[in-house]
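Welcome! Please take a moment to look over the sequence and the 3D view below, and then we can walk through them together.

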Amino acid sequence: MARFWVCVAGAGFFLAFLVLHSRFCGSPVLRNFTFAVSWRTEKSLYRLDVDWPKHPEYFTGTTFCVAVDSLNGLVYIGQRGDNIPKILVFTEDGYFLRAWNYTVDTPHGIFAASTLYEQSIWITDVGSDFMILWLHGENGTGPAKFNIPHSVTLDSAGRVWVADRGNKRIQVFDKDTGEWLGAWNNCFTEEGPSSVRFTPDGKYLIVAQLNLSRLSVVAAPPVGSIGECSVISTIQLADQVLPHLLEVDRKTGAVYVAEIGAKQVQKYVPLNSYVPAFGS
């Protein structure tokens, strides 16, 4: 019995050492291990891909955003910081390809819109001048008003879903007319959503909550109804990971999360028995 408790104490000391070393020494390998053991979920819909990326040392700044070019198998990451590459490009398998630091100052969001004929990457750069081309709503708490609209996505029914972070809700609009269709706030009483994306089959929304370091899998409503928000599963990340924006691979269903606290991007892979990939 004494030998058993000695083994338990030794294992506890080893895990404590890994956590402290990760926090204070910045080891990417140990940091990934720490986050992996901190990940817990009520119902396993996703698993953490601990081997992605192959070279986390390329994360040299604060990782604010991520986009997936499913057509070409590429993952684009925007990071902030002085004298560092602002855009990193990886393969979906996690291999580093290239980086660039020109034309981008302070990336906030990034979106891939490639076709068979050209690769197109759109970046919102808060450090550059821009012109407003289209505007809907104003600052406030009522319908079609916003307080830090932080992320937007579109579903197959032509509905626009906006993460209204400051108002702790998701608002929904018609993409053609701009008509307000409804809002979800019952799922976000603790904190508003910072990012929202649909799974490839359109059955779920993946929602990030920044300061809670939490990802939620939410059931998508049928066409013609918004209804109430219903959380199917949550993934609780380690404290201070701070998931800022996320993206879903339209082919594989993998979820990439840009974490400004951890200064990295992590990949979560769906379990096919629950979340079928695109085209399955």
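How much space lies in the largest cavity? About 40 Å³. Keep in mind as we go that this is a predicted model. The structure holds 1 cavity of 30 Å³ or more. Rolling a probe the size of a water molecule over the atoms shows where empty space is left.

Let us see what surrounds that space. The lining of the largest cavity consists of Tyr46, Ile206, Leu215, Ser216, Val217, Ile235, Val255 and Tyr268.

Along the sequence, Thr234 and Tyr46 are 188 residues apart, yet in space their C-alpha atoms are 9.8 Å apart. Thr234 belongs to strand β16. Is Thr234 buried or exposed? Its relative accessible area is 15%, so Thr234 counts as buried, since the cut-off for buried is under 20%.

Next, follow strand β2 into its sheet. Four strands make up an open sheet here, in the order β2-β19-β18-β17, and the pairing is antiparallel. At the edges stand β2 (46–48) and β17 (243–248), each of which pairs on one side only. From one strand to the next, the twist averages 30°. The pairing of β2 with strand β19 (residues 264–270) is antiparallel and runs over 3 bridges. Within it, Arg47 has Val269 of β19 standing opposite.

A second open sheet of 4 strands has the order β9-β10-β11-β12, with antiparallel pairing. Its edges are β9 (149–154) and β12 (180–184); each has a single partner strand, so one side of each lacks a neighbour in the sheet. Averaged over this sheet, neighbouring strands are turned by 20° against each other, direction ignored. Between β9 and strand β10 (residues 159–164) there are 5 bridges in the antiparallel sense. One place to look is Pro149, which has Asp164 in β10 opposite.

In strand β3 (residues 62–69), 8 of its 8 residues are buried. Cys65 is buried too, with a relative accessible area of 1%. Strand β3 runs antiparallel to strand β4 (residues 74–80), and 7 bridges join the two. Across that pairing, Gly78 in β4 is the bridge partner of Cys65. The hairpin of β3 and β4 has 4 residues between the strands, and in this hairpin Gly73 takes a positive phi near 70°.

Our last stop is a link between two cysteines. A disulfide is a covalent bond between the sulfur atoms of two cysteines. The count for this model comes to 1 disulfide. Which residues form it? The partners are Cys187 and Cys229, with sulfur atoms 2.0 Å apart. The link is left-handed, with -110° about the S-S bond. Distant parts of the chain are joined here, 42 residues apart: Cys187 sits in the loop between β12 and β13 (195–198), and Cys229 in the loop between β15 and β16 (231–236). Cys229 has a relative accessible area of 7% and is therefore buried.

Conventions
Residues are numbered from 1 along each chain as its sequence is written. This is a predicted model: local features need pLDDT of at least 70, side-chain atom pairs count only at pLDDT 80 or more; totals for chains, interfaces and linings use all residues. Side-chain values use heavy atoms; hydrogens and water are left out. Two strands pair if DSSP finds at least two bridges between them. Axes are lines fitted to C-alpha atoms, for helices over the stretch in contact, and angles run from 0 to 180 degrees between N-to-C directions. On a 1 Å grid over the protein atoms alone, a cavity is a set of points where a 1.4 Å probe fits but cannot get out, and a pocket is an open set with protein on both sides within 12 Å along at least five of seven lines; lining residues have an atom within 4 Å of a point. Grid points are joined across faces, edges and corners, and a volume is the space filled by probe spheres set on the points. A disulfide is a pair of cysteine sulfur atoms within 2.5 Å. Buried means under 20% relative accessible area, exposed over 50%, partly exposed in between (1.4 Å probe, protein chains only).
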